[in-house]
Amino acid sequence: MKIVAALDTCEGLGMCEAMAPDFFEVGDDGVVEVLDDSPGEEHRTDLAAAVDACPVLALTLQG
Amino acid sequence: MSAEPSVTPPAGAAPATPVRRLVVVGASLAGLRAVEAARRAGYDGALTLVGAEEHLPYDRPPLSKAFLDVDGARGADTVMTFRTEEQLRDELGVDLRLGSPATGLDTDAREVLVGDERIPYDGLVIATGSVPRWLPGTDPADDGPVGGVTQLRTLDDARTVRTALEAGARLVVVGAGFIGSEVASAARKRGLPVTVVEALDLPLTRSIGPEVGAVCADLHRAAGTDLRLGVGVAGLETEPVAAGAEPAPGGAGRRVTGVRLDDGTVLPADLVVLGIGVRPATAWLEGSGVPLHEGDRGVVVDATLATGVPGVYAAGDVAHVANPLYDDEHHRLEHWTNAADHGGAAARHLLDPAAARPVETVPYFWSDWYDHRLQFVGTPRADEVRVVADDRASDGGFVALYRRADRVVGALVLDRPRDVMKLRRRIADRGPWDEAVEHVVTTPPRAKR
Ligand SMILES: Cc1cc2nc3c(=O)[nH]c(=O)nc-3n(C[C@H](O)[C@H](O)[C@H](O)COP(=O)(O)OP(=O)(O)OC[C@H]3O[C@@H](n4cnc5c(N)ncnc54)[C@H](O)[C@@H]3O)c2cc1C
Ligand code: SF4
């Protein structure tokens, strides 16, 4: 599974970080940083919640 | 995106009468999330989505932001829809009823009334959101629309505003709230003259408190917006549109030429945007037995989003929700994340009430003013509001924290995006005040842009 963040779409609103702080962090530039872009399968539920929570649909999970 | 693992209901938790006809009224964010969550939870019965607007569910926050920008891809006249009609109909199996407002609810017969039609339900999610208020004498329902006078709630409203900005309108915003302030920002970006009129002595006193209202007032002034505080609007100055002339955006026979204030001043205007607040869209529920708030007539629900009327739940801007995070105080929030979260939760709880858990919400919203971002998490109802960092002079932002007893309950952050979710976590964990203050004080402001 791979996390893909569209950085030109991301508005830095941080909902992904609220849902899955181990994988996302908003930086000083107001854009998300993906902390670990190839997470284990056991995190799928949390990551799906993070993807869904993004108000601008900047995140996708592949695989 | 991949589906969540299928949900196996705990033994004995099946609802007494399984829902086979789920109706969602209100086809915007909360309603959309409700239908998505129902299918994700494995619900395979009939699913009807009833919406007043002609449009597919679309995203509102950009309407006062990117949609009003000068040009380029982001300012293009694109409808920011979440899903295509095919996805809704074919993939989610939704019976879409757009452009057809619900007109009543019969909770005995369990039917939603749409004009002459009756749509039977055994589960209902109310997600009709809110509608802006008009100033006395400006409601098109009473006097017909006045050209150049609008609110900003719908895509159609946003088109009206953008058209006027493109024509170089002199803008007067009535009400220094979030949406009005964002419109002011968009107009200043275009170099247009903007006046914001606010009846209170400071903006946003009710939603974030006076300390922070003063900061917001500074943002307006620094951007060259003429901010008039503590003065009300007495009326509009209008003129008839000459026969054969191009009608003003948003109206036909008359158009606005100015805004008359209580103190007698007349502000010349080609575009007047009213941002004086919203009320829940519940006229269709009057007399139905669904509990409505005595103040603003919003739907009152418990912490699982249930109304107490069998099978009926509510979510989003329309609902007053008991929030266990704040001692079960009821909050009616007008925030994107709240509508998104609660829309899904309402559908899940409705389908499986035995598994319903109280939703603990940390309210969160953001707003873009000029080149600044404001973010608020938590509640402004507090014993103390303290400015714990103010680096605005060096473009390093601002943080205010909100305290109840020895807990941190809220945070307002200007231009420090990195801190917001860290503070949110402390608030969600009912974290101690001292540590939250310490966190902010010891975190350097962001590097200068
Ligand atoms: C211009 C603008 C900018 C915003 N910016 C931000 C922001 O930056 N951050 C933030 O957190 N929030 C923002 N918001 C608020 C956010 O968009 C709302 O909280 C969210 O849209 C609420 O979703 P909802 O589904 O509850 O209600 P709504 O989006 O109001 O949708 C309700 C829907 O129900 C329909 N309806 C009403 N009555 C009936 C009826 N009788 N029958 C059928 N359908 C009916 C309406 O037509 C509407 O489509 C903004 C809102 C606006 C208008
Ligand atoms: S939720 Fe979306 S917009 Fe917000 S930081 Fe994450 S990716 Fe960016």
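Author: A residue counts as buried when its relative accessible area is under 20%, and as exposed when that area is over 50%. Keep in mind that this is a predicted model.

Reader: Okay, so what makes B:L305 buried or exposed?

Author: B:L305 has a relative accessible area of 0%. The cut-off for buried is under 20%, so B:L305 is buried. You'll find B:L305 in the loop between β19 (299-301) and β20 (312-314) of chain B.

Reader: What is there to notice about the phi of B:L305?

Author: It's positive, about 80°, although B:L305 is not a glycine. Most residues other than glycine have a negative phi.

Reader: And B:A405, how do you know whether that one is buried or exposed?

Author: Here the relative accessible area is 52%. Exposed means over 50%, so B:A405 is exposed. B:A405 sits in the loop between β26 (398-404) and β27 (407-414) of chain B. Phi of B:A405 is positive too, near 45°, and B:A405 is a residue other than glycine.

Reader: What about B:G232, where is it, and why is it called buried?

Author: B:G232 is in the loop between β13 (226-229) and β14 (233-240) of chain B. Its relative accessible area is 13%, and the limit is under 20%, so B:G232 is buried.

Reader: Which residues is B:G232 in contact with, leaving aside neighbours within four places in sequence?

Author: Those are B:L261 and B:D262. To count as a contact, heavy atoms have to be within 4.5 Å. There's also B:E198: from C-alpha to C-alpha, B:G232 and B:E198 are 6.7 Å apart in space, while 34 residues separate them in sequence.

Reader: Let's move to the ligand. How many residues surround ligand 1, and which are the closest?

Author: Ligand 1 has 32 residues around it, and the closest are B:S28, B:E53, B:R60, B:K65 and B:D317. By class, that shell has 17 nonpolar, 9 polar and 6 charged residues. In chain B, α1 (29-40), α9 and β23 (364-369) each supply at least two residues of the shell.

Reader: Why does B:K65 count as buried?

Author: B:K65 has 16% relative accessibility. Under 20% is the rule, so B:K65 counts as buried. B:K65 is in the loop between β2 (46-50) and α2 (72-75) of chain B. Not counting residues up to four places away in sequence, B:K65 touches B:E182, B:W366 and B:D368.

Reader: Which residues touch the most other members of the largest nonpolar core?

Author: Those are B:V112, B:I126, B:I208 and B:L401, in a core of 126 residues. Helix α9 (residues 336-351) of chain B gives the most to this core, with 8 residues. Apart from it lies another core, of 15 residues, including B:V149 and B:L261.

Definitions and conventions. Residues numbered from 1 in each chain as written. Chains lettered and ligands numbered in written order. Predicted model: local features only at pLDDT ≥ 70, side-chain atom pairs only at ≥ 80, totals over all residues. Heavy atoms only, no water. Core = buried A, V, L, I, M, F, W, Y, C linked by side-chain atoms within 4.5 Å. Buried < 20%, exposed > 50% of the residue type's maximum accessible area, 1.4 Å probe, protein only. Helix = DSSP H or I, 4+ residues; strand = E, 2+ residues; numbered from the N terminus. Near = heavy atom within 4 Å. Nonpolar A, V, L, I, M, F, W, Y, C, P; charged D, E, K, R; others polar.
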